[in-house]
Amino acid sequence: MVAALDPGFVGHHVLVHAMVSTTGPAREVATRIAEVDDAVFVSLVSGSHPLVFESRHGNDEQLHAMLDHVRRIPTVRQVQVTTYGEVLRGFFVADSRREIALDDLDHRLIAALQIDGRASYRELAEAVHLSPSSVRSRVRRLIEAGLIRISAIPSGGVSRNRVAVGVGIILGDDAEPVRRYLVDSPAIDFAARSHGSYDFVATIGGSSAVDVLEVIEQLRALPPVSGLESWTHLDVVKEDYAGSR
């Protein structure tokens with residue numbers, strides 16, 4: 001259990017999805033990308049680009065520094081970037097967001113919850129020197145404002161009981177039917193409206209390849225979809241939305 005922060009709260013206004021092709025094995029490249037604080041998700045996948053990563057940045061300059069760092073890794077051949085314009089679904093996305101004033105105690109509570117989302121109100125109270133009732137009120141206020149979400153992060157990787165497939169969707173017409181499907185479908189773990197290589201990027205989760213294929217076929221059947229590319233997550237090297245701060 002962890003507390004994940006709304007990216008905008010910590011000044012991360014540039015969110016990207018990148019696909020990396022290499023001239024050799026991809027695992028070492030993935031490990032080196034995972035060492036960068038700005039990288040929140042790194043996964044080895046199927047397809048011509050053997051790894052994907054997501055990163056968050058305060059501005060375009062920081063993004064370019066990240067991309068330059070990745071391109072300097074000796075076996076990296078190409079980096080294909082898609083920028084998220086609007087995150088529609090995801091572990092760190094609250095149903096609503098309102099502005100609230102935060103003080104030092106709020107920041108200390110958030111830091112403690114990012115370390116251990118299972119911490120009791122009594123443990124948090126001891127950490128920030130408040131009463132448990134005061135801590136409970138502050139945490140509820142942060143959650144209700146949409147600044148943090150406390151939950152177990154659903155793994156983006158494959159397991160015995162779970163298949164996860166990323167998709168990049170290219171539009172030929174109005175985006176609204178695709179947007180509505182991605183927001184409403186229970187099989188969509190993550191979705192973002194984007195620009196660059198794809199118009200939408202999403203992750204489909206299911207208990208079997210058949211389940212995921214059905215969702216992919218439903219997406220292909222939507223009239224606005226003119227192209228769809230997919231990649232299967234084989235090994236998630238890093239998934240740390242809580243530590244992004």
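User: What makes β2 mostly covered?

Analyst: Of the nine residues in β2, nine are buried. A residue is buried under 20% relative accessible area, exposed over 50% and partly exposed in between (1.4 Å probe, protein chains only). The model is predicted, so local features need pLDDT of at least 70 and side-chain atom pairs count only at pLDDT 80 or more, while totals for chains, interfaces and linings use all residues. Residues are numbered from 1 along each chain as its sequence is written, and side-chain values use heavy atoms, leaving out hydrogens and water.

User: Which residues of β2 point one way and which the other way?

Analyst: V14, V16, A18, V20 and T22 point one way, L15, H17, M19 and S21 the other, and all of them are buried. In a regular strand the side chains alternate between the two faces of the sheet.

User: How do you know that β2 pairs with β5?

Analyst: Strands here are DSSP runs of E with at least two residues, helices are runs of H or I with at least four, and both are numbered from the N terminus. Two strands pair if DSSP finds at least two bridges between them. β2 and β5 have eight bridges, in the antiparallel sense, with V16 opposite T83 in β5. The antiparallel strands β2 and β4 are joined by seven bridges, where V20 has L51 of β4 as its partner. β3 (residues 39–45) and β4 (residues 51–57) are antiparallel as well, over five bridges; V42 stands opposite F53 in β4.

User: What makes up the closed barrel?

Analyst: Eight strands with antiparallel pairing, in the order β2-β4-β3-β10-β7-β9-β8-β5. Neighbouring strands of this sheet are turned by 35 degrees against each other on average, direction ignored.

User: How do you know that helix α2 packs on the sheet, and which strands are touched?

Analyst: Contact means heavy atoms within 4.5 Å. α2 (residues 60–71) touches β2 (14–22), β3, β4 and β5 (76–89), and its direction makes about 150 degrees with that of β4. Such angles run from 0 to 180 degrees between N-to-C directions, with axes fitted to C-alpha atoms, for helices over the stretch in contact.

User: Why is the pair of Y84 and F190 called tilted?

Analyst: Rings of Phe, Tyr and Trp (its six-membered ring) pair if their centres lie within 6.5 Å; planes under 30 degrees apart are stacked, over 60 edge-to-face and the rest tilted. Y84 and F190 are 5.3 Å apart centre to centre with 50 degrees between the planes, hence a tilted pair. Y84 lies in β5 and F190 in β8 (residues 188–196), so the pair ties together parts 106 residues apart in sequence. Both Y84 and F190 are buried.

User: What are the values for Y198 and W231?

Analyst: Their centres are 6.0 Å apart and the planes 35 degrees, again a tilted pair. Y198 is in the loop between β8 and β9 (200–206) and W231 in β10 (residues 225–239), 33 residues apart. Both Y198 and W231 are buried.

User: How do you know that the buried residues of α4 line one face?

Analyst: In α4 (residues 121–128), L124, A125 and V128 are buried. Seen down the axis they fall within an arc of 105 degrees, so they line one face; the arc is that of the directions from the helix axis to the C-beta atoms. R122 and E126, on the other side of α4, are exposed.

User: What span does α5 reach, and what is expected?

Analyst: α5 (residues 132–144) has 13 residues and reaches 18 Å from its first C-alpha to its last, close to the expected 18 Å. The expected span is 1.5 Å times one less than the number of residues. V135, R138, V139 and L142 are buried in α5. Their arc of only 100 degrees around the axis puts them on the same side of α5.
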